[in-house]
Amino acid sequence: MNILKSGFGFFLMTLLVGCGGSESGPSELTSFTNLQTISFESDTYTLIVGNTETLEASGGSGTGAMSYESTDEAVVSVTQSGVITANSVGTATITATKAADNLYSAASATIAITVTPKIEQNIAFPSDTYSVIVTNQITIIPTGGEGDGAVSFTSSDDSIATVSSDGVVTAISLGTVTITATKAADSTYDEATAQTSVTVTPKLSQSITFGEQSYTVVIGNSQSVLASGGPGIGQISYVSSDPSIATISGAGLVTGVAIGSVTITAIKAADSTYEEASATTTVNVSDLLEQTISFSSSDYTLTVNETQTITASGGEGTGQITYSSADESVVTINGSGFVSAVGVGSTTITAVKAADPVYAEAFVTASVTVEPAPPDAPVISVVWTGNGRLTIGWADVTDATSYSLFYATESIAALDDLANLESLNGAATVLDVTSNYTLTDLENNTQYFLVVTALTGSVESPISNELASTPLNPLNDTGITVSGNGTSGINATCTKAIQNGGHVPQDCDQGRDADTTIAASKVGTGVAAFDYTKLGSDGSEIPVQNGTWSESGTEADGTHWSCVRDNVTGLVWEIKTPTGTHSFNNKGTWQNRNTLADTTNAEGLCGLTNWRVPSLTELLTIVNNGRQNPAFDVPRFPNGKSQSYWTSNPVSGVGTNAWTVNFFAGIGNSKAKTSNFQVRLVSGDYAASQFDAARFVDNGDGTVSDVVTGLMWKRCPEGLSGEDCSNGSASTLVWGGSMKAARDSTYAGYDDWRLPNMKEMQTLVDVTKNNPALNTSVFPNPNNVLNYWTSSLAKKTSPVTQSYRINFQRGLSEFKVRTGSQNAQWLVRDDI
């Protein structure tokens, strides 16, 4: 490119030399010269007035110096180094010239310069008006303005408010001023101003108060009497109207100098915002003040070895409280009011609060009575559950002098105090009871809750553990609802068949079978006085109770059930079925009697897992002696057979035999253990099979009470007497004569003796004994009297001349001709 330029310059110069011209000629061309060019970056440029800028031209290959000139120095001036200065608004042209050298010709370039005025800018205060309390300051700074000129401030009236160079306004006096802010011009922006109004206001009022309108200070003592309040920060100072009566420190501490009254004034100093405030109160200087202390009670009761903290409280003073006992052989008391009961008696304890500089001494007394220590709570248990009665027992409690029994048909344990016992249903209290104690006249099938307390004198123990137990009659009646004649015959109803000096009562005249109200009060259904409820496989009562059994029936329609609950005894009985686990065809030996129970417990029949083989006495409870073949309630016990069923009892004295119940005749039998018979399982508790001597209470008058059956027995058979029943000889009579003898007896002052029915007498048979099968520690039998009439006739189609006796050699029930057999009498009555 440079070569091209040189060639072109040579050609041009040759042309000029050859041709010549009016302004130059051959005479001026002293050497060979090349052309060059220079230029500015732009043809035009704009600059704000008062500003400078360097605008250098560039280009040109020569070494000639560069020079500049302006067409109008008043608008734009330029230095030889290319620095231009905008002097006034307008336009001018700047020319740059590069001088020629020995190779290159001179070259020049121009640029048009336009000078513009400075840019307007704005500033403003954040608010048009301000308020400031006299003597206070406020800083107000404007915002805005793009320039970097400094901001200065002026006040329209420095006597009202001044303003510093950094915008801090100081309030001098009340009034209003205008504050002006000026932002100086800079190279780009014009000067800008802003104004705002500042009003100087007076200080705010405030108030202070004392906590009380008056105070009392005991002479010689000090007390803080302080004023408070006022939002200001000024200090509070105090002054007394009469320092000879009371002085006050700068911290508000009043000291009583002499008896009298003074006015205390508090002054809160003014601050930058709030005026001064003051308040007054009265201080009375007095002598020592009275004070009172008290115990929480005037009387306390403790038991021997018991401790209790009994402290007095109250009294405004700071004096310590000390304690003393008038008789430390009764109670001691330490400095903390901790009282220890030492011995039985009564005494007085005294508390004294010492005087202090303000309050006089105070004291108070209280009476303390110490009773014997309460005995431990008894631990009670149910000993016997019986017919309308419960027997409970407990071990003797150390130092107990008596016991009280509390019972109800609701839980007692939830009561806070036994004094509220009467709020419970069926509640009653029995005082001075002894163990074992039998509650009588209870409702069968009703749950009772019982507790016992022990007493030492009048001091009562905590309550015992709570028992919950339900009385149950262990005996069903026999089901015999007809009478027998004295010699022969069975009547269609309970006719008063035997007359001898009046009606001679027999089985059908007595017990549940004779009670005409039983039918209406039954829970379930059953013949005679039997009361059964049919249960489904899960143990719930089936909805229809009077349905007839069907192997293909359902529980819902009452034609199929798995168990029967005896509502009298509380026992639950297994129902036999034609097939399956509980089939009436399943038989076994006595040794294998428990196999069905094990299987049934695993099955959980009727929701129960305590199935077992019943005792002889238990199995006899479901016998209906009002019929034979079969001797049970057929509608409730379907699929039963007129056969023998095993009991859990072996026959005492005959090792090869065990007891069964023959449901053809409805009596117990002794059978070889190798025989094969059915088992009918039972579930539940049954006390009448337990022959513990504790079950029988000797009344001390020749009678014995059975706490399970609720029967009272004459201890000795008729004709015998004495402690061991060895005096006299046993009376043996025919059946009718025996019942008459019982009717006519007034033994021990009772006139309601009778012969027992066969189930009642069976409860005396102790199957663990033989010859006699009797607990002779309760019923002595030195003469070995074995055969006793019952009041129960033998309900047979033929012969119709027999009644039952119990043979106590083993305990067998036997048919005997009423006039052809003479047997002993064992009298019984209802123990009510």
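Reader: In this structure, how far apart are the sulfur atoms of Cys-716 and Cys-725?

Author: The model is a predicted one. Cysteine sulfur atoms within 2.5 Å count as a disulfide, and Cys-716 and Cys-725 form such a link. Both cysteines are buried. The distance between their sulfur atoms is 1.9 Å.

Reader: How many disulfides does a search of the whole structure find?

Author: One of them joins Cys-494 to Cys-508, and another is formed by Cys-563 and Cys-606. With the bonded cysteines numbered in sequence order, the pairing runs 1-2, 3-4, 5-6. The search of the whole structure finds three.

Reader: Is Cys-508 buried or exposed?

Author: Its disulfide partner is Cys-494, with an S to S distance of 2.0 Å. Both cysteines lie in the loop between strand S44 and helix H2, 14 residues apart. Cys-494 has 26% relative accessibility and therefore counts as partly exposed. Cys-508 has 4%, which lies under the 20% limit, so this residue counts as buried.

Reader: Where in the chain does Cys-606 lie?

Author: Cys-606 forms a disulfide with Cys-563, the sulfur atoms being 2.0 Å apart. The pair links distant parts of the chain, 43 residues apart, with Cys-563 in strand S46. Both residues are buried, and the link is right-handed, with 105° about the S-S bond. Cys-606 itself lies in the loop between helix H3 and helix H4.

Reader: Which element gives the most residues to the largest nonpolar core?

Author: This core has 54 residues, and those touching the most other members are Phe-637, Phe-663, Leu-764, Phe-779, Phe-808 and Trp-826. At least two residues come from each of H4, strand S49 and strand S54. The element that gives the most, with three residues, is H4.

Reader: Which residues are in contact with Phe-779, leaving aside its neighbours within four places in sequence?

Author: Phe-779 is among the core residues that touch the most other members. Its contacts include Lys-714 and Arg-715.

Reader: Which strands stand at the edges of the open sheet of four strands?

Author: The order of the sheet is S20-S27-S26-S23, with mixed pairing. An edge strand has a single partner strand, so one of its sides is left without a neighbour in the sheet. Neighbouring strands are turned by 30° against each other on average, direction ignored. The strands at the edges are S20 and S23.

Reader: Over how many bridges do strands S26 and S27 pair?

Author: Strands of a sheet pair through backbone hydrogen bonds, either parallel or antiparallel. Strand S26 covers residues 260-268 and strand S27 residues 277-286, and their pairing is antiparallel. Gly-260 stands opposite Val-285 in S27. The number of bridges is nine.

Reader: What distance separates the centres of domain 1 and domain 4?

Author: The chain is divided into domain 1 (38-116), domain 2 (123-201), domain 3 (209-286), domain 4 (294-371), domain 5 (380-469) and domain 6 (695-830). Taken over C-alpha atoms, the centres of domain 1 and domain 4 are separated by 116 Å.

Terms used: Residues are numbered from 1 along each chain as its sequence is written. This is a predicted model: local features need pLDDT of at least 70, side-chain atom pairs count only at pLDDT 80 or more; totals for chains, interfaces and linings use all residues. Side-chain values use heavy atoms; hydrogens and water are left out. Buried means under 20% relative accessible area, exposed over 50%, partly exposed in between (1.4 Å probe, protein chains only). A nonpolar core is a set of buried Ala, Val, Leu, Ile, Met, Phe, Trp, Tyr and Cys residues joined through side-chain atoms within 4.5 Å. Contact means heavy atoms within 4.5 Å. Two strands pair if DSSP finds at least two bridges between them. Axes are lines fitted to C-alpha atoms, for helices over the stretch in contact, and angles run from 0 to 180 degrees between N-to-C directions. Domain bounds come from an automatic or database domain assignment.
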